[in-house]
Amino acid sequence: MTVSPPPRHSAYAVLAALAAVVILVSAAIFVGVGKSDGTAAPTSGHGNEAAPASAGTWVGTWSTSPAAAEPQRPNGFPKVSIRNVVRISVGGERVRIQLSNLYGNRPLTISHASVALAAAPNDPNAAGGTMRRLFFDKRPSVTIPAGRHVFSDPTGLRVPDASDLLVTTYSPTPSGAVTYHPHARQISYAAQGDHAEDTAGLAFTQQSPYWRYLTGVDVWTGRATGSVVALGDSITDGSTSTTGANHRWPDFLAQRLRTERDAPRLGVLNQGISGNRVLTDGNLTPPNNPSGLSRFDRDVLAQTGVRAVVIELGVNDILRNPHETNPDRITGGLRQLVEQAHTRGLRVVGATLMPFYGHRGFTPELNAVREAVNEQIRSGEVFDEVVDFDAALRDPANHLRLLPRYDSGDHLHPSDEGYRAMAQALDLDHLQGRVAAEL
């Protein structure tokens with residue numbers, strides 16, 4: 001029997017169908033494969049509306065440094081929902097979060113996690129239509145080994161600049177030591193039971209001044225080009241600033257970057273730890289309050305999209321026991337931080353140390369160390385660029401002390417207006433451009 005060839009239009013239909021399949025497969029490969037620098041096109045979230053891939057990059061928009069294990073929490077928070085409240089710097093089309101078990105002594109299981117826009121600043125209620133379940137490698141739960149951290153999968157959620165996010169985690173079992181940031185200057189919340197996806201915040205009756213487990217938020221954006229990391233001590237951490245007002249100096253810097261004409265579009269990441277020093281770690285294992293030298297890779301180089309660093313460190317090396325009275329050792333440590341940054345081509349802006357006359361730790365001898373450190377910083381031989389926080393906040397009538405309206409009252413930490421003046425002192429042009437990487 002002779003078989004007749006198919007009609008020409010049928011052959012065309014088959015070829016068209018095959019071409020469509022090839023196009024679909026090619027598109028899927030294009031969307032799913034990314035670059036090694038983290039600028040892959042975002043994949044669609046789980047259980048959320050599909051969104052087309054768009055030109056952009058992952059940028060760090062909020063972070064905090066894991067500082068220690070929370071005291072008196074040997075079993076963690078079994079059967080408790082923790083709702084962290086954070087103010088991001090730049091917005092985007094998609095979100096992913098980082099959870100840390102750095103100070104844990106056993107695996108941490110998170111069986112349910114979510115992210116949402118807050119209905120209002122400092123509010124545990126989620127804005128309508130913004131609640132998203134988080135997934136980890138396409139699974140709704142994740143177990144984080146002790147000493148490790150994990151990123152969530154991207155989820156489709158459009159977040160505006162300077163918005164409050166609610167990141168909620170639920171752990172069903174005892175998880176051991178809790179990794180936390182103790183000086184958040186922000187009220188977060190907790191609830192008994194699994195309320196991770198509750199839009200209403202009624203169950204979140206417990207308030208907390210800490211951030212727990214959450215250490216970072218990234219956004220996929222086509223508007224920002226990267227992020228700047230603020231590495232510092234309690235002055236960068238925002239100690240003495242008004243709780244819930246987001247009046248730390250990195251917050252005011254983020255405001256300038258959002259609103260000033262011709263300002264670079266950068267996210268701002270606050271890696272301040274109260275009591276932090278350049279040279280000396282805390283006394284536990286892993287060290288609580290790790291030194292700037294030991295945490296630089298973790299807290300600066302590992303951040304998403306980092307383009308520049310502002311370092312505000314050194315005063316605690318002088319003030320805390322054992323006092324470091326050799327200014328060359330402090331500036332030597334600062335130079336090592338710059339060398340680490342230069343291996344990645346990052347520009348480093350370094351800050352002078354502000355006065356502390358009237359503080360309980362003041363002595364003329366320790367102040368002389370501060371002034372010697374500042375002399376070396378101002379010489380331009382320590383950092384790529386200098387921001388003179390000392391000159392910006394000191395009293396013109398008495399250079400040993402803070403200007404009274406910039407003084408929080410403890411004669412060491414600035415007031416809210418003092419933190420604003422610090423951000424105003426930064427030359428935004430110094431945050432742009434890169435240095436040659438040291439090979």
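How do the residues of the lining of the largest cavity divide into nonpolar, polar and charged? I found five nonpolar, one polar and one charged. For these classes I took Ala, Val, Leu, Ile, Met, Phe, Trp, Tyr, Cys and Pro as nonpolar, Asp, Glu, Lys and Arg as charged, and the others, Gly among them, as polar.

**Basis.** I worked on a predicted model, in which local features need pLDDT of at least 70 and side-chain atom pairs count only at pLDDT 80 or more, while totals for chains, interfaces and linings use all residues. I numbered residues from 1 along each chain as its sequence is written, and side-chain values use heavy atoms, with hydrogens and water left out.

**Cavity.** The largest cavity has a volume of about 40 Å³. Its lining consists of Ile235, Glu312, Val315, Thr352, Leu353, Met354 and Phe389. A cavity is here a set of points, on a 1 Å grid over the protein atoms alone, where a 1.4 Å probe fits but cannot get out, and lining residues have an atom within 4 Å of a point. Grid points are joined across faces, edges and corners, and the volume is the space filled by probe spheres set on the points.

**Helices α6 and α7.** I next examined α6 (residues 327-342) against α7 (residues 364-378) and recorded an angle of about 40°, with the axes 9 Å apart. That makes α6 oblique to α7; angles under 35 degrees count as roughly parallel, over 145 as roughly antiparallel, 65 to 115 as roughly perpendicular and the rest as oblique. The crossing of α6 and α7 is right-handed, meaning that the near helix is turned clockwise from the far one by less than a right angle. On the α6 side I listed Pro327, Asp328, Ile330, Thr331, Leu334 and Arg335, and on the α7 side Val369, Ala372, Val373, Gln376 and Ile377. Contact means heavy atoms within 4.5 Å. By class, this contact of α6 with α7 has seven nonpolar, two polar and two charged residues. Axes are lines fitted to C-alpha atoms over the stretch in contact, and angles run from 0 to 180 degrees between N-to-C directions. Helices (H or I, at least four residues) and strands (E, at least two) are DSSP runs, numbered from the N terminus.

**Helices α4 and α6.** I found that α4 (residues 292-301) packs on α6 at about 30°, with the axes 10 Å apart. The two helices α4 and α6 are therefore roughly parallel to each other, and their crossing is right-handed. The contact involves Gly292, Leu293, Phe296, Asp297 and Leu301 of α4 with Gly333, Gln336, Leu337, Gln340 and Ala341 of α6. I counted five nonpolar, four polar and one charged residue in the contact of α4 with α6.

**Helices α3 and α9.** I recorded an angle of about 50° between α3 (residues 249-259) and α9 (residues 416-425), with the axes 8 Å apart. That makes α3 oblique to α9. The crossing of α3 and α9 is right-handed.

**Backbone.** I noted a cis peptide bond between Thr285 and Pro286, with omega about -5°; Pro286 is in the loop between β18 (266-272) and α4. A cis peptide bond also joins Asn321 and Pro322, with omega about -10°, and Pro322 is in the loop between α5 (315-319) and α6.

Notes. 1 Å grid on protein atoms, 1.4 Å probe; cavity = no way out; pocket = protein on both sides within 12 Å on 5 of 7 lines; lining within 4 Å.
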